[in-house]
Amino acid sequence: MELSALIEPLAGTPETKLALAVLLLPLFAFLSLFFFGKRLPRQGDWLGIALTVLAFGASVWLFSATWNHTSFHSRTVWFSLPALSASVTNFTAGILLDNLTVLMLVIVTFISTLVQLFSVGYMHGDAGYSRYYAFLGLFTFSMLGIVLVDNLLLLFMFWELVGFSSYLLIGFWFDRPAAVAANKKAFLVNRVGDIGLLLGLFFFYTCFRTFDLEALRTLVNEGSWIGGSFLVSFQLHGQPWDLELAPLWLTLAGLGLFMGCVGKSAQFPLQVWLPDAMQGPTPVSSLIHAATMVAAGVYLLARCYAFFTVDALTVIAIVGAITALLGAVAALTQNDIKAVLAFSTISQLGYMVMGMGTGAHDASLFHLTTHAFFKAALFLNAGIIIHAMHRGLHHSHQPEHIDPQDIRNMGGLRKAMPFTFFTYALAAAALVGLPLFSGFLSKDAILAGSWAWAQTMSANGNALYFLVPAIGFAVVLLTAYYMGRHLWLLFFGEFRLPFDIKSLRFSAGREVELVMLVPVLLLAVLSLGVFFSLNPLDFAGSWLLQGLNLGLLAADARPLADGLLQAVAEQDKANHVAHVLFAVLAVALGVSGVGYAIIKYRNKTKEMLLQEQPQSALGRLSYNHFYLDQLYNSAFVKPTLLLARSLYRTDKRVIDYLLNNGSIILVVLAKTVAWFDRLVVDGLVWLVGALSRFAGRFGRNLQNGKVQSYFAYSLLGFILIILYIVLK
């Protein structure tokens, strides 16, 4: 098989051209708003929203044309480089539309549209209003680029652009030190993961000489495991190219790609950036850190699924399970309304990654989709509550030290904000995984898949693999508890601040602006399970799950871990009774967790809540996020700063001292040499010249052409000779 045939240019289709237009629309919005936003009516918010709505409409059309019908792929030569064998290596760029792509297109453009619409009310009057919408356009463009491109090199470029645009949005309020610290932290921590992604990317190019994902999948499909090594042969510029790769190298390369997911999707041990990233505006938290950016890592795993070995998938499953557990435990004791949701996001991302590692590829993407809607709804509702708390504190002239995001300062909000309570409750029920809600379907699918994986992997007698699904069930209980606590402290009991709760409302007749109400209503309704499966109690019949099946997405490609994945799928099909038991157990755990939270916090007053401090070791670990920030600060940040200060002092006190004093010495030496050159060397040269000039003038006077002078000189000479003889 000739590699050039696998990456030959493909003519663009109307669908791929429309997809390119979808990509460019938010870029145009960014450029227009960034350069001319303040000159446009309403500072250009209508332009950003209108272009995103157009992108969403086109994405829906592409979804209808592609989903379960066909795929579209266009490719062109991007640039060429000469190769060592006097040939030319072509680097291609293209757009790939399949079920996964169009689903992500709809999610990104839909959530972005609602967030921008919500921001009209939330960000009204902000000094950086046009800049905010410009940054949202840049982020949407970057995320759509990750989704649409068909090769790893372009994906990495958009990957970094997503990191940059999230840096801008997290630190949008750059006059706040906490926001500046948060965006730097997010940027740097993500770069750690991106190093691994870059190494994995280069490994696959070094071996297969292409970044094209379709070509890579085809080459992996052509290879085979023989004698414990992976063998593949193809033609490269007309010459045979034979590869023999040890499983260890393939595993390390796959884990390199996974490192990108660890950073972007906030997996252990790089999840520390996500809670701090809540310093950005709340709609940004909804867009970036609940629905799209953090989902990019899971999307990367899905797009590169064929390149992971069994060992790599095992590591992915373990890391996902650990992340799900740590995030859920950390959320138990948080008091900031956004912090609870941030740690919940970490936990749910762990679920998705765990699903990927355990072979539940479709279930993981299913949960990515459902989570996008209900978590975006939760964050936007949190924005409404924070907005209302600021309004109430301002109108009642309360002290500035009262935190409007502390859930202990709330309570009873359902009385003044019934619509917010309704939409928040729907989204929270989906997050907990209660029946009839979307989270119930997608979580159940992941738990069932992880159990089948554990059964398959433990066939050799090692029961430790069952810890992964066991952690999954434990996280169901923890999620229910912290969301029950969260809801109770927000909406039930009595309002805990000394002013009328009705002052939280936008007006006497409305609790919130209409432009903020519509997005949360749509997202809350989409948290219902009926939109994802006609039978909201059975995930197996979900149209979404069936459309994301690995066999459908990559029918002509055999993953490196194909044997394991087939065995897990067969085991999962055999677990009919177990699926029912898992669903019953998950519901029981969810109800128990919510019930226990209500019982625990039902009678607690504000004073009791404010005095409540984690006493147990687990409570302190939870409240302080397992001291990971302190650990990294001591192990990496402080040594780095100490090294930097040491190098600075060395530079100032040693290098600069030597350079400065050396310069002085050189100046003195130069002046001494100049003095010596001027007075001695130049003086001697001048003296020789002067003597020569004098001698020349004297000789010239002797040769004046006058006979009487010659006679006088001769007489003088004769007299001198006589005197010499006489005196001698």
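A cavity here is a set of points, on a 1 Å grid over the protein atoms alone, where a 1.4 Å probe fits but cannot get out, and its lining residues have an atom within 4 Å of a point. A volume is the space filled by probe spheres set on the points, with grid points joined across faces, edges and corners. By these rules, the structure holds three cavities of 30 Å³ or more. This is a predicted model, in which local features need pLDDT of at least 70 and side-chain atom pairs count only at pLDDT 80 or more, while totals for chains, interfaces and linings use all residues. Residues are numbered from 1 along each chain as its sequence is written, and side-chain values use heavy atoms, with hydrogens and water left out.

**Cavities**

- The largest cavity has a volume of about 90 Å³, and of the 13 residues that line the largest cavity, N90, F91, T92, T210 and F211 are the closest to its centre.
- Strand 2 (residues 88-97) supplies the largest share of that lining, four residues; helices (H or I, at least four residues) and strands (E, at least two) are DSSP runs, numbered from the N terminus.
- Sorted by class, the lining of the largest cavity has six nonpolar, five polar and two charged residues. Ala, Val, Leu, Ile, Met, Phe, Trp, Tyr, Cys and Pro count as nonpolar, Asp, Glu, Lys and Arg as charged, and the others, Gly among them, as polar.
- The second largest cavity has a volume of about 50 Å³, and its lining is made up of V432, G433, F440, K443, D444, L447, V476 and A586.
- Helix 18 (residues 438-457) gives the most to the lining of the second largest cavity, four residues, and the lining as a whole divides into five nonpolar, one polar and two charged.

**A buried serine**

- S344 sits in helix 14 (residues 337-357) and counts as buried because its relative accessibility is 0%. Buried means under 20% relative accessible area, exposed over 50%, and partly exposed in between (1.4 Å probe, protein chains only).
- The side chains of S344 and Y482 make a polar contact (3.0 Å). That term stands for a pair of N or O atoms within 3.5 Å; within protein, one must be able to donate a hydrogen and the other to accept it, and residues adjacent in sequence count only if both atoms are side-chain atoms.
- Leaving aside residues up to four places away in sequence, S344 touches A331, K375, L431 and Y482, where contact means heavy atoms within 4.5 Å.

**Cysteines**

- The structure holds zero disulfides, a disulfide being a pair of cysteine sulfur atoms within 2.5 Å.
- For C261, the closest cysteine sulfur is in C304, 11 Å away, so the two are too far apart for a bond.
- C261 is buried at 0% relative accessibility, and C304 is buried at 1%.

**Backbone details to look at**

- F268 and P269 are joined by a cis peptide bond, with omega about 10°; P269 lies in the loop between helix 9 (247-264) and helix 10 (273-276).
- Q43 is not a glycine, yet its phi is positive, about 55°. You will find Q43 in the loop between helix 2 (14-36) and helix 3 (45-66), and it is partly exposed at 27% relative accessibility.
- H625, also a residue other than glycine, has a positive phi near 55°. H625 belongs to the loop between helix 26 (617-623) and helix 27 (628-702) and is buried, with a relative accessible area of 4%.

How values were computed:
On a 1 Å grid over the protein atoms alone, a cavity is a set of points where a 1.4 Å probe fits but cannot get out, and a pocket is an open set with protein on both sides within 12 Å along at least five of seven lines; lining residues have an atom within 4 Å of a point.
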